Amino acid sequence: MKKTVFLAFLLTYSAVFGFEITSFQPDERFRLFNDGWKFKENDSSRYYQNNLDDSDWRDVQLPHDMGVEKEFSKENPSCQAYLPGGVCWYRKSFELSRQWQNESFKILFNGAYCNSKVWCNGKLLGERPNGFISFAYDITDYLQFGRENTNVIAVRIDHSDYADCRWYTGTGINRDVYLVKTDKVHTKLWGTYVTTPEITDKYADVKAEVKLVNSSEETQKVGVENQIIDKRDDVRAREKRFIDIEPGEKTLNLNLRLKSPELWNTKYPKMYALKTIVTRGEEVVDEYYTPFGVRDFRFDSDEGFFLNGEPLLIKGVCLHDGAGALGTAVPKPVWRRRLQKLKDGGCNAIRMSHNPHDPHLYDLCDEMGFLVMNEAFDEWYEGKRKWVDGWNQTEYERDGYHEHYEEWAEKDLTDMLLRDRNHPSIILWSIGNEIDYPNDPFPPGEMDLIPEAIKLREIVKDHDLTRPVTAACAGPEANVFMDYLDVIGFNYKEKLYEDVHKRYPYKIFTGSENGKGLQPWLAVKNNEYISSQFLWTGIDYLGEAGKWYNENNGAHSRGARCGLLDLAGFAKPAYYRQKAYWEEDPFVHLYQNDEGHIVSYSNCENVELFQGEKSLGNFEVPESKRIMIRNPEGEDFRAIGKRARVDVAQAVYNIPGEPARIVPNIVEKKLVLDGRNVVHVEIYVVDEDGYPVEDAEIEIEASIEGPAEIIGIENGNQGDISRYGKMTKKTFNGKMLYYIRGGERPGDVELNLSPEGMESISVLINSGMPVDSAYW
């Protein structure tokens, strides 16, 4: 018998959302270009041609990661999660109205891994080896207009050397693509740079450089109005001028005063935007929005980090690009759920490891109040080891980005800076991760690293003087280029803080990559001159996997297990320990560990533990934030957290019985039918009394009805090497996660789940109104 479950929406998100490029832009400029692509997984010298018959190619929607569609295999490298890469092609056919034939067009890729080449109507536009960077091509001269003319964009991806990165990268066009349409006179893509050099309680001086482009062959007379607008679209400051712009580019320098500014910070991340309006006569020919925040920060060599004049300890995590079953094709709502969980755990900062990430992740950091260390490179001109048969085992390759570094590093770093420098969340530019790792690839004291570090630093300073330059250093005791960094990052070298501080008393230090636990936390907590810790990692990730099969524990491996959250975004015990270190609001957490002991984590002063109505004692919370009751008898436990003898937090834990049924929870309130919105359905295995059975492994078969699809099923188990596309999977730690993406037609969605040996259920997901996504 099937049971239908009508859900109360248990989780809500309190983030204050800001501006993003797709919602802020009028349809006439940016058009999401993710639908209607064809995909082929092999190679041919003919695949770029317009007259090619691609009717037998597979239909795919971007973003798309070919790698997670494949079988896990020992024959593939462990650094890539035992998943393959290869060569693949994408094609998209589309028509453009004749009314647009006097406009300018670009195609913008937010990322494509890797070694991409792009053609438009048979003309090669260019190539980009770096799979993490955004890039755009002007396609104006190659387009055809009218219904009788079909345009074709073709993209070749070459990830044939797929042991080319130390973690899982995916293969394919794994981020959004946009078709960008503008007038011949327009604001340049990434051409606006906003700073706030002076901030007071009464006003903020906003300076901006605005680059305009005239792609016509004649001088144009236009009006240019720049407005500062707030979240309510109210104009808070404006300036207008009339200019003659010759063919080419022209830079306008602006000075605007914003009265009574609301500051951006980690708790109340207020956002503004600079709206640039270009007019010709009475006609508006271009609008371009540059989101920004008003905030001031500084690092002090003695006292750490200050945001808007207030000291703030940076409590951060490192993140890679992927999301388990989704690979590296991760929709924005997936990152929102993950970031909110980290925020709830007291985290206030993200290190983008070790490459530029998807633009929507930076948008979310702006909106939700995370500080960001943005990182450009994991290697420079020599390659690191990429483990093939298990992390830190014997076999490795050295393929990778270093093969393109000499030609592309300046371009890639510059594009990262231009794309990201208006994000108020970003406070640090990192020019490299563990470049100084001893003998991988450079020996300690390698002097040639000095001029390279100076070159990269100068590139940063040429484009942004408002943020310091750092690098995540693995060997600060022997590093030769630390003198040329504004901020020295320490990876796992907390024990060297004091000695290096004596050598460099005027240098600023950060923990750029740190282990979890008490001692790494005390190293930053007890030393004011250490401004941050960034834990490795916030979330488990694919790649850097252990041996294919570990005979000691009888488990396989597909990735790293070092996250506070697992691959599905569910909290591990370490999450609550870290929350006890980081979180200010009182809380207490109870759970039973693998040895059967009852453990409490709390940031309160005291915790009183109960078994039923019997008090087991009132315990002072130690520095470790951990209290443990060994092998208690019974099953009903409760913890009361106290501050100043007042009850301020409570947690309960009941030792569960046998698994009896599954209980669903939808994280979001509604599935919007726009072809890209995603809702999360979390599944919990419970006993007859509704208590979670956290060691349950129950096989569940899934299907879906209505205008939606299951794009991923993730249980968080790094030892599960079953193929991702299967609709049958076992729960792990009593949990499962389903990613549901809506289509573009109306209708409610029903997720049908059939757990082995239990009653089947149908989860009804409310859908929103469809969104018109037709092209012009």
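This is a predicted model: local features need pLDDT of at least 70, side-chain atom pairs count only at pLDDT 80 or more; totals for chains, interfaces and linings use all residues.
Helices α4, which spans residues 402-420, and α5, which spans residues 449-463, pack against each other with their axes 9 Å apart and at an angle of about 30°. Because angles under 35 degrees count as roughly parallel, α4 is described as roughly parallel to α5, and the crossing of the two helices is right-handed. On the side of α4, the contact is made by Tyr405, Glu410, Leu413, Thr414, Leu417 and Leu418, which meet Glu452, Leu456, Ile459, Val460 and His463 of α5.

Helix α8, formed by residues 573-582, is mostly covered, since 8 of its 10 residues are buried. The buried residues of α8 are Ala574, Tyr575, Tyr576, Gln578, Lys579, Ala580, Tyr581 and Trp582. The elements that cover them include the helices α2 (332-344) and α7 (518-525), together with the strands β22 (314-319), β31 (532-535), β36 (588-592) and β37 (598-602).

With a disulfide taken as a pair of cysteine sulfur atoms within 2.5 Å, the count for the model comes to 0 disulfides. Cysteine 120 is in no disulfide, and the nearest cysteine sulfur, which belongs to cysteine 88, lies 19 Å away. Cysteine 120 counts as buried because its relative accessibility is 0%. Cysteine 473 is likewise in no disulfide, the nearest cysteine sulfur being that of cysteine 318, at 14 Å. With a relative accessibility of 0%, cysteine 473 also counts as buried.

Technical notes: Residues are numbered from 1 along each chain as its sequence is written. Side-chain values use heavy atoms; hydrogens and water are left out. Buried means under 20% relative accessible area, exposed over 50%, partly exposed in between (1.4 Å probe, protein chains only). Helices (H or I, at least four residues) and strands (E, at least two) are DSSP runs, numbered from the N terminus. Contact means heavy atoms within 4.5 Å. Axes are lines fitted to C-alpha atoms, for helices over the stretch in contact, and angles run from 0 to 180 degrees between N-to-C directions. Angles under 35 degrees count as roughly parallel, over 145 as roughly antiparallel, 65 to 115 as roughly perpendicular and the rest as oblique. A crossing is left-handed if the near helix is turned anticlockwise from the far one by less than a right angle, and right-handed if clockwise.
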